[in-house]
Amino acid sequence: MEKADSPLQQVQANIAKACKIARRDPGDVTLIAVSKTRSAGAITPLLIEGQRHFGENRVQEAQEKWPALRDEHPAVQLHLIGQLQSNKAEDAVRLFDAIHSLDRPSLVTALAKAFDKVGRQVPCFVQVDVGDEPQKGGCPVAELPALLENARGAGIPLAGLMCIPPADIEPAPFFAFLDTLARDHGLVGRSMGMSGDYETAIRLGATHVRVGTALFGERDT
Ligand SMILES: *Cc1c(COP(=O)(O)O)cnc(C)c1O
C-alpha cells in the first residue's frame with residue numbers, strides 16, 4: 001500500500017499546481033513553514049522531510065527554539081514575519097535570515113544600526129498595510145514611497161513587499177494590489193498568502209508564501 005502524502009507534500013503539490021496554472025516557475029516560490037507556537041518536536045519532522053524555510057513571529061520565542069534545531073539542521077533559513085520592536089532589532093539581525101515586517105522609519109534606523117554592529121545584512125520586506133488595519137502593523141500605503149526611499153538611503157537590502165490582508169474577505173484584490181506596488185517600485189519579492197489563500201497568492205505573483213496551519217494543524221490559542 002502506498003503511504004499517504006504528508007501535509008508538506010500536499011502543500012508542495014498545491015504550490016506546483018498553482019504555479020502551473022499561473023505559468024510560473026515553482027523555483028520562484030519559497031514555502032515558509034510558519035512554526036510560531038510549535039514545539040521542537042512538531043518542527044523536527046518537517047526538517048527531516050527537507051523543509052528549510054521557517055517563519056516565526058516573535059524574536060524571543062525563536063531565540064528559545066531555533067539555536068538547538070539549527071545545530072542539527074544548519075541549512076535552515078529563518079524568517080521573521082511578526083512585528084519587530086526597535087529594541088529587538090539587534091537580536092533579530094543575529095538570528096533571522098530575512099525580516100518581513102519593516103514598516104516604519106524608526107525601524108529602518110534601528111536595523112541599519114544593528115547591521116553595522118553585528119556585521120551582517122539581512123534582506124528586508126517592507127510590510128504594507130493594504131487593508132487599513134494599523135493594529136496588524138505595516139506601512140500606510142500613502143507612506144510607502146517615502147519609507148522605501150528612506151530604507152534605500154540607509155543601505156537596507158530590500159527583498160520586496162509583504163502584506164497580511166484583512167481576514168474573512170476575498171484576499172485576491174489585496175494580493176493584486178501588493179503585486180502592482182512591488183512592480184511600481186522595482187521590487188522582486190512579494191511575501192503574501194497563508195494557509196487559506198496561498199494558491200490564490202501564487203496566481204497573483206507571490207514569491208514567498210507563509211503557511212502554518214496547513215502544515216502543522218490548528219494552533220492552540
Ligand atoms: C501565523 C501567520 C501566518 C500563517 O498563518 P496560517 O493561517 O496558520 O497559515 C502567516 N503570516 C503571518 C504574518 C502570521 O502571523
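## The ligand and its pocket

In this predicted model, the ligand takes up the space of the largest pocket. That pocket has a volume of about 410 Å³, and its lining is made up of 19 residues, with Lys 36, Ile 81, Ile 164, Met 194 and Arg 210 lying nearest the centre. By residue class, the lining of the largest pocket comprises six nonpolar, eight polar and five charged residues.

## The shell around the ligand

Around the ligand itself are Val 34, Lys 36, Ile 81, Ile 164, Met 194, Ser 195, Arg 210, Val 211, Gly 212, Thr 213 and Arg 219. This shell divides into five nonpolar, three polar and three charged residues. Lys 36, Ile 81, Ile 164, Met 194 and Arg 210, which lie nearest the centre of the pocket, are also among the residues around the ligand.

In the side chain of Lys 36, an N or O atom is 2.7 Å from a ligand oxygen atom, while for Ser 195 the corresponding distance between a side-chain N or O atom and an oxygen atom of the ligand is 2.5 Å. Thr 213 likewise places a polar side-chain atom 2.5 Å from an oxygen atom of the ligand. Of the 390 Å² of accessible area that the ligand has on its own, the protein covers 89%.

Terms used. Residues numbered from 1 in each chain as written. Predicted model: local features only at pLDDT ≥ 70, side-chain atom pairs only at ≥ 80, totals over all residues. Heavy atoms only, no water. Near = heavy atom within 4 Å. Polar contact = N/O pair within 3.5 Å; in protein donor to acceptor, adjacent residues only side chain to side chain. Areas by Shrake-Rupley, 256 points an atom, 1.4 Å probe, with all protein chains shown as cover. 1 Å grid on protein atoms, 1.4 Å probe; cavity = no way out; pocket = protein on both sides within 12 Å on 5 of 7 lines; lining within 4 Å. Sits in = over half its atoms within 2 Å of the grid points. Nonpolar A, V, L, I, M, F, W, Y, C, P; charged D, E, K, R; others polar. Points joined across faces, edges and corners; volume = space filled by probe spheres on them.
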